Amino acid sequence: MSQRQTLPASAEVLLPDGVRLHAETGGDPDAQLTIVLLHGWTLDARSWHRVLTAMDTGARIVAYDARGHGRSDATPLDCATLGQLGDDLRHVLDELVPTGRIVLCGHSMGGMTIMEYAHRHPEHFASRIAGLVLVSTSAEGTSRTHYGLPGPLATLLRLAETTGAGVLARCGARHPHRAVLPVLGPGVRWLLYGDRCDGSDLRLTLSSVGRCSLRSIGGFRTSIGTQQRLETLATLGDVPAAVLVGTHDRLTPPACAEAIADALPGTELTRCPNAGHMLMLERPSEVASALATVTLRAAASTPLHAPGRHSRRTPQQRSPGTAQAA
């Protein structure tokens with residue numbers, strides 16, 4: 001029986017533009033398969049701690065803080081894009097996972113980073129990636145984001161959000177003032193969580209926001225809002241995959257996950273009743289279960305670049321079947 005996962009070892013990845021990424025590794029260092037965890041916008045790798053506690057896969061684990069987030073270096077404003085994050089992911093894989101199969105698991109912006117990596121580096125993706133888990137994310141930018149509000153109110157909130165993001169993007173590498181974070185609490189709880197929210201989870205979320213530079217909070221918003229990658233997903237072949245979404249997700253609602261599942265062959269879709277955007281904290285057992293299932297399928301699958309592996313299928317040809325979380 002394998003051991004529950006922890007991330008006891010720290011590592012650094014120096015990117016070509018000089019930005020240093022903070023990473024943590026754990027699990028079996030000799031495992032033939034590595035799970036790489038990518039966090040969401042304004043968060044950091046700590047957001048996976050409940051999933052790590054629930055996991056029992058026997059795989060090696062790598063989690064890292066994206067540029068401008070957590071303990072990683074600040075990013076230049078012109079590099080606060082999903083395209084840059086996709087390039088960063090390739091460098092992380094080359095540096096920290098030079099051999100063996102890989103399962104990528106991304107939440108929100110992390111899922112969009114995976115899609116951008118697949119789009120910008122398709123051959124690298126095909127040669128290395130054996131499985132995908134996409135959590136509370138979108139392949140259509142924010143086109144389906146209505147914040148759970150009626151149309152006129154959603155329009156006003158979107159305008160306020162995008163305007164505020166533009167201002168913050170020009171504020172440099174400074175961080176939100178500590179005194180502001182508690183004031184944000186009620187709004188963050190409403191926007192990101194469903195029916196239930198543990199106080200420690202909300203504090204962790206606010207702490208992550210506090211570690212994120214104002215430039216990153218504002219700068220990534222444009223790229224996140226405009227990304228369109230459904231066509232990229234449709235080219236990925238029958239890579240084992242899972243998509244999870246909360247039924248009360250106000251940022252990436254179920255329609256986002258359904259569109260991904262329609263485009264991505266071989267996908268299991270899980271809807272988590274009454275959960276919001278933060279499934280790693282709200283429903284860690286469901287996320288860990290999806291990771292375990294994809295990991296087992298990935299370990300038994302043929303690498304994408306090998307003869308006989310289907311490398312391209314249309315959305316209509318994807319494997320049928322969805323799963324409903326209890």
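Okay, so for charges here, Lys and Arg count as positive and Asp and Glu as negative, with His and the chain ends not counted. Each charge is placed at NZ of Lys, CZ of Arg, CG of Asp or CD of Glu. On that basis the protein has 31 positive and 29 negative side chains, and the centres of the two sets lie 3 Å apart.

Quick caveats: this is a predicted model, where local features need pLDDT of at least 70 and side-chain atom pairs need 80 or more, while totals for chains, interfaces and linings use all residues. Residues are numbered from 1 along each chain as its sequence is written, and side-chain values use heavy atoms, leaving out hydrogens and water.

Now, who pairs with whom? A salt bridge here is a side-chain nitrogen of Lys or Arg within 4 Å of a carboxyl oxygen of Asp or Glu, and there are 15 of them.

Take Arg-50 and Asp-201, bridged at 2.9 Å, N to O. Arg-50 sits in helix α1 (residues 49–54) and Asp-201 in helix α7 (residues 199–211), so this bridge ties together parts 151 residues apart in sequence. Helices, by the way, are DSSP runs of H or I, at least four residues, numbered from the N terminus.

Next, Arg-229 and Glu-116 form a salt bridge at 3.1 Å, N to O. Arg-229 is in the loop between α9 (221–226) and α10 (230–233), and Glu-116 is in helix α3 (residues 109–120), 113 residues away. Both Arg-229 and Glu-116 are buried, meaning under 20% relative accessible area with a 1.4 Å probe, protein chains only.

Last one: Glu-12, Arg-20 and Asp-73 join up in a salt-bridge network.

How values were computed: Helices (H or I, at least four residues) and strands (E, at least two) are DSSP runs, numbered from the N terminus. Buried means under 20% relative accessible area, exposed over 50%, partly exposed in between (1.4 Å probe, protein chains only).
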